Amino acid sequence: SQPHDMAARNVIVFGGAGQLGDAVVGHFQGGEHRWNVVSVDFRANAKAAHNIVLTGGVSSSDRAAAVAAEIVVLGIRFDAVICVAGGWAGGSIGADDVFGPVERMLDMNVLSAVLAAHIAAKFGAPGCLVVLTGAQAARGPTPGMVAYGISKAATIHLVSSLAAAGSGLPDGARVAAIMPLTLDTPQNRAAMPDADFSSWTPLPTVAALLYSWANGVEVPANGALIDV
């Protein structure tokens, strides 16, 4: 952990050690505006000012309580709460193991978003920005990746619920989803070597967009789904 900068604003990044999360953490920590970055993931990100390292094999409630306890020790409230945790799984409804991917996608994509939103409700500052990660694919049917589609449709619904009156978020909170199509990552390049990489979204582009929103630049309307 680095010394806490009391004059800076605070952002918490769920999935902060993943590929997109690492780009987001680095952009906030190294940007022209002063931000204290808290990363939440199953491993630490050395770029972050503070890390909350999750443990596997515990209930969602216990995980949330552990995260909350560390935030209480830090004694801060968050001006931005960003969830870029998640994953992908393919498969159709007829697959013999369909329940495994569904449960995995609910855990990786939905429960991570619920955790981030819950922490925003408990520890967000008034007027905070909350950003979850949806997917453009979830706007329509996803028969070849049914588990992924279910999880992202649920996340999109969560965004609309959080943007509604009485959601439990802090006063004046703004909620949005980033809606990726294909992010330019080494894994995606390896999985789709013949694709047109130039049409994919670079991770720094997404990180810069989130940083702009958090600094009050072109903040999306409450509940907006923003293609990236």
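**View 1. Helices H3 and H4 cross at roughly 20 degrees, their axes coming within 8 Å.** The model is predicted. H3 covers residues 99–123, and H4 covers residues 146–163. Angles under 35 degrees count as roughly parallel, so H3 is roughly parallel to H4. The crossing of the two helices is right-handed.

**View 2. Residues of H3 and H4 form the contact between these helices.** H3 contributes Pro 101, Val 102, Met 105, Leu 106, Asn 109, Val 110, Ala 113, Val 114 and Ala 117. From H4 come Ala 147, Tyr 148, Ser 151, Lys 152, Ala 154, Thr 155, Leu 158 and Leu 162. By class, the contact of H3 with H4 has 13 nonpolar residues, three polar and one charged.

**View 3. Helix H2 packs on H3 at an angle of about 40 degrees.** H2 spans residues 60–74. The axes of H2 and H3 lie 11 Å apart. The angle makes H2 oblique to H3. H2 crosses H3 in a right-handed sense.

**View 4. Residues of H2 and H3 make up the contact of this second pair.** On the H2 side are Ser 60, Arg 63, Ala 64, Val 67, Ala 68, Ile 71 and Val 72. On the H3 side are Asp 107, Leu 111, Leu 115, His 118, Ile 119 and Phe 123. The contact of H2 with H3 divides into nine nonpolar, two polar and two charged residues.

Key:
Residues are numbered from 1 along each chain as its sequence is written. This is a predicted model: local features need pLDDT of at least 70, side-chain atom pairs count only at pLDDT 80 or more; totals for chains, interfaces and linings use all residues. Side-chain values use heavy atoms; hydrogens and water are left out. Axes are lines fitted to C-alpha atoms, for helices over the stretch in contact, and angles run from 0 to 180 degrees between N-to-C directions. Helices (H or I, at least four residues) and strands (E, at least two) are DSSP runs, numbered from the N terminus. Angles under 35 degrees count as roughly parallel, over 145 as roughly antiparallel, 65 to 115 as roughly perpendicular and the rest as oblique. A crossing is left-handed if the near helix is turned anticlockwise from the far one by less than a right angle, and right-handed if clockwise. Contact means heavy atoms within 4.5 Å. Ala, Val, Leu, Ile, Met, Phe, Trp, Tyr, Cys and Pro count as nonpolar, Asp, Glu, Lys and Arg as charged, and the others, Gly among them, as polar.
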